[in-house]
Amino acid sequence: MVQKQEIDIEVAFATQNEQRIISLKVPRGTTIRDAILISGILQIFPEIDLNKNKVGIFSHPKNLSDFVHPNDRIEIYRELEIDPKEARRNRARDL
């Protein structure tokens, strides 16, 4: 029987107060969705909703069905709390 080779990856998520990067080994052919589920990060951050939160690898947007590759860092992005344009207007107004 031939075993699938395992690869090293990371899954990352951050809130304003906490950042977590989980290193793990997954079989070749693992999807981003499966890697996130395997990592256990959804139990650590129950606010993550894979139907809403976008994902990427090293700042490049990806689909949950895309496959991971050796040394990938899957990033789970959270919703912006304030529109960047609105934040700039607020800072300019406060000067």
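Start with Asp8 and Lys25. Their side chains meet in a salt bridge, 2.8 Å from N to O. By salt bridge I mean a side-chain nitrogen of Lys or Arg within 4 Å of a carboxyl oxygen of Asp or Glu. This pair links distant parts of the chain: Asp8 sits in strand E1, residues 6–14, and Lys25 in strand E2, residues 19–27, 17 residues apart. Strands here are DSSP runs of at least two residues, labelled E and numbered from the N terminus. Asp8 is partly exposed, at 38% relative accessibility. That class lies between buried, under 20% relative accessible area, and exposed, over 50%, with a 1.4 Å probe and protein chains only.

A word on the model. It is predicted, so local features need pLDDT of at least 70 and side-chain atom pairs count only at pLDDT 80 or more, while totals for chains, interfaces and linings use all residues. Numbering runs from 1 along each chain as its sequence is written, and side-chain values use heavy atoms, without hydrogens and water.

How many salt bridges does the structure hold? Three.

Next, Arg73 and Glu10. Their side chains form a salt bridge, again given N to O, at 2.8 Å. Distant parts of the chain are linked here too: Arg73 is in strand E5, residues 73–76, Glu10 is in strand E1, and 63 residues separate them. Arg73 is partly exposed at 25% relative accessible area. Glu10 is partly exposed as well, at 23%.

Last, Glu18 and Arg20. The closest N and O atoms of this salt bridge are 2.7 Å apart. Glu18 has a relative accessible area of 32%, so partly exposed. Arg20 falls in that class at 31%.

Terms used:
Helix = DSSP H or I, 4+ residues; strand = E, 2+ residues; numbered from the N terminus.
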